[in-house]
Amino acid sequence: MTEPPCTRLSERIPEVATGRADWSAGEAEHLSACAACRAEWLLTQTAQRLARRAEALIDPDRVADGVMRRLAESPARGIGRRLRWAGVTVAAAAAILLVVRVTSTPRSPETVPVVASVPPDGLFLPGLDSLTVEELESVLVSIDQPIAAVSTIDAYEWQSLDDHELERLLREWEG
Amino acid sequence: MTALPGPDSATDAALIEAYRAGSEPAASELVSRHAPAVGRFLYSAGAAASDVEDLAQEAFFRAFRRLDTWRGDASFRSWLFSIARNLLKDEFRKRRGRHVLSIEDRDVPYRDDPAGEVEAQEAADQLRRGLMDLPRLQREVFLLRVQEGGSYDEIAAVLDTTPGAARVHYHHAVKRLKELLS
């Protein structure tokens, strides 16, 4: 089915208005005879005028300078995110090591408790029974520490590194 | 790949790769080639004349900061338009829906036909006000079509709608704006 001339012309107007096509002879003839199509063409021309006005408001070089300056001033987002994940990974690894160490400590047969029930006044952790007072203190201190403190590198050290140093550090961690 | 008409998408991709490898001139080139289009869109869609450059800068800054999320299934320009429209949406929200339109940025009238030029400028002001009265999707489809020459497929990708819906929005917008200017 052939589209009506006005519909066809309407679809062509943006192409011609943006300079990517020209009117055919038939289209030009229709345009000169059809008030509705002329009104649409005028509307498009007015929108192009707005576009030119906007272009006068913006200096691409100045925008580029501003963007580059801001990018230079802010740490790369990718690096920040990778560092956060690296921190979480290190903390998780430290927690797993701690649990493995506590639960795999060899115990003498007489210290292995028989668990009958959980005391009503607290949690019963038989794995801790074989530890000395000093070892228990050490476990408690490490549990009470915030996760960031378990990391082998502290936040202050990260902040003092530049992007290249951070990248090198991440590469070392990631093998 | 869905791409609005503009500079070659392939060279855009090469410039992005160069920037990722550390080339600042590549980023500057990307800004220079797309800034006018972003400015056209921002201003025509309702940004105050005095804010256009700052908003464009913010759009590019966000784009470069999120470059790792750009997958290349849309052109860089289309992606920039998506960022710019979200930026403008936030800006309108901050102003609680009030649009600030000024006429201080009008072109200087041509000397050979000052009367005709003044009339054309008034029509442009009227169109800008009319655009602000349209629903957002109608306004954005209209601008991407008549100022950037985008196809319905391309526009739908930028605005996260369907080509059919984009076409309907365009014709509604044209009808209302034609009535306004006639």
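Let's start with confidence. Chain A has a mean pLDDT of 74, and 53% of its residues reach 70 or more. Confidence in chain A is highest in helix α3(A), at 95, and lowest in helix α7 (residues 147-150), at a mean of 43.

Two stretches of chain A call for some care. Over residues 116-120 of chain A the pLDDT stays under 50, and the model has three contacts for them beyond four places in sequence. Residues 146-156 of chain A are also below 50, with 11 contacts in the model beyond near neighbours in sequence. Where pLDDT is low, the predicted coordinates should not be read in detail.

## Where the chains meet

The contact between the chains draws 34 residues from chain A and 39 residues from chain B. On the chain A side, α1 (5-17), α3 (35-55), α4 (60-73) and α5 (77-103) each supply at least two residues. Which helix gives the most to this side of chain A? That is α3(A), with 14 residues. Sorted by class, the side of chain A that touches chain B holds 17 nonpolar, six polar and 11 charged residues.

Buried residues in α3(A) include C37(A), L43(A), A47(A), L50(A) and A54(A). The charged residues E40(A) and R53(A) are also buried there.

## The build of chain B

Chain B has eight helices and zero strands. Of the 182 residues in chain B, 41% are buried. Taking contacts in chain B between residues at least 6 apart in sequence, 69% join residues at least 24 apart.

The largest nonpolar core has 61 residues, and V38(B), L42(B), V52(B), A56(B), F60(B) and V141(B) touch the most other members. Helix α2 (residues 24-44) of chain B gives the most to this core, with nine residues. A56(B) has contacts in both chains: leaving out residues up to four places away in sequence, A56(B) touches I58(A) and V63(A) from chain A, along with A35(B), V38(B), G39(B) and L42(B) from chain B.

How does the span of helix α4 (residues 76-94) of chain B compare with what its 19 residues should give? At 1.5 Å a residue the helix should span 27 Å, and the end C-alpha atoms are 27 Å apart, so the two agree. Buried residues in α4(B) are F76(B), R77(B), S78(B), W79(B), L80(B), F81(B), A84(B), R85(B) and L88(B).

V158(B) lies in helix α7 of chain B. Is V158(B) buried or exposed? V158(B) is buried, because 27 other C-beta atoms lie within 10 Å, where 20 or more are needed.

## A loop residue with positive phi

D160(B) sits in the loop between α7 (152-159) and α8 (163-181) of chain B. The phi of D160(B) is near 60°, a positive value in a residue other than glycine. With 9 other C-beta atoms within 10 Å, D160(B) is exposed, since the limit for that class is 12 or fewer.

How values were computed:
Residues numbered from 1 in each chain as written. Chains lettered and ligands numbered in written order. Predicted model: local features only at pLDDT ≥ 70, side-chain atom pairs only at ≥ 80, totals over all residues. Contact = placed C-beta atoms within 7 Å. Helix = DSSP H or I, 4+ residues; strand = E, 2+ residues; numbered from the N terminus. Expected span 1.5 Å × (residues − 1). pLDDT = per-residue confidence, 0-100. Core = buried A, V, L, I, M, F, W, Y, C linked by C-beta atoms within 7 Å.
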